[in-house]
Amino acid sequence: MSERFEDGMRVRKAVLGEDHVARAEAAKTALDEPFQTLITEGAWGTVWASDGISARERSMLTLALLAALGNFEEIAMHIRATARTGASKTDVLEAFQHVAIYAGVPRANQALKIAKETYAEMEQNGHQADS
């Protein structure tokens with residue numbers, strides 16, 4: 001594997017957690033292996049591995065973009081990642097408020113609903129989410 005892939009796996013595990021990455025890798029097939037490599041090298045090994053902004057800021061941007069574009073299926077995963085990136089509940093609320101103004105209230109409302117459910121699940125499972 002490439003150095004960028006190795007960097008991507010390191011960052012991906014740091015942000016999403018070892019268990020999440022292990023499950024994703026176990027589910028990988030010959031069909032989606034090239035796609036998974038692309039994501040690992042591009043998203044994780046290039047964008048998330050950059051030291052241009054903090055992981056906290058990346059979490060906020062990622063959540064805002066997912067909500068703004070209506071890609072709700074990945075919001076819970078990235079809310080869980082905030083426990084590792086340092087983005088607080090207040091940070092996430094601020095990001096979703098920007099979404100409401102610049103991309104629409106319904107998208108921000110749906111994202112906030114998912115965030116509330118995910119934070120409740122995290123707290124129920126003993127993972128303290130910062131306020």
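Trainee: Which residues in α7 are buried?

Mentor: Keep in mind that this is a predicted model. In α7, the buried residues are A108, A111, I114, A115, T118, Y119 and M122. Buried means under 20% relative accessible area, so each of these residues is below that cut-off.

Trainee: What puts them on the same side of α7?

Mentor: Around the axis they cover an arc of only 135 degrees, and therefore they share one side of α7. As a general rule, an α-helix has 3.6 residues a turn, so residues three or four places apart point the same way.

Trainee: Which residues does the face turned away from the buried side carry?

Mentor: That face of α7 carries V105, P106, N109, K116 and Q124. They are called exposed because the word stands for over 50% relative accessible area.

Trainee: What covers the buried residues of α7?

Mentor: The cover includes α4 (55-68), α5 (75-85) and α6 (89-102).

Trainee: What makes the largest nonpolar core a core, and which residues have the most contacts inside it?

Mentor: Its 19 residues count as a core because they are buried nonpolar residues joined through side-chain atoms within 4.5 Å. I75, I79 and F96 have the most contacts inside it. Two or more residues come from each of α4, α5, α6 and α7, and α7 gives the largest share, six residues.

Trainee: Which residues is I75 in contact with, beyond its neighbours within four places in sequence?

Mentor: I75 is in contact with L63, L66, A67, F96, A111 and I114.

Conventions:
Residues are numbered from 1 along each chain as its sequence is written. This is a predicted model: local features need pLDDT of at least 70, side-chain atom pairs count only at pLDDT 80 or more; totals for chains, interfaces and linings use all residues. Side-chain values use heavy atoms; hydrogens and water are left out. Buried means under 20% relative accessible area, exposed over 50%, partly exposed in between (1.4 Å probe, protein chains only). Helices (H or I, at least four residues) and strands (E, at least two) are DSSP runs, numbered from the N terminus. The arc is that of the directions from the helix axis to the C-beta atoms. Contact means heavy atoms within 4.5 Å.
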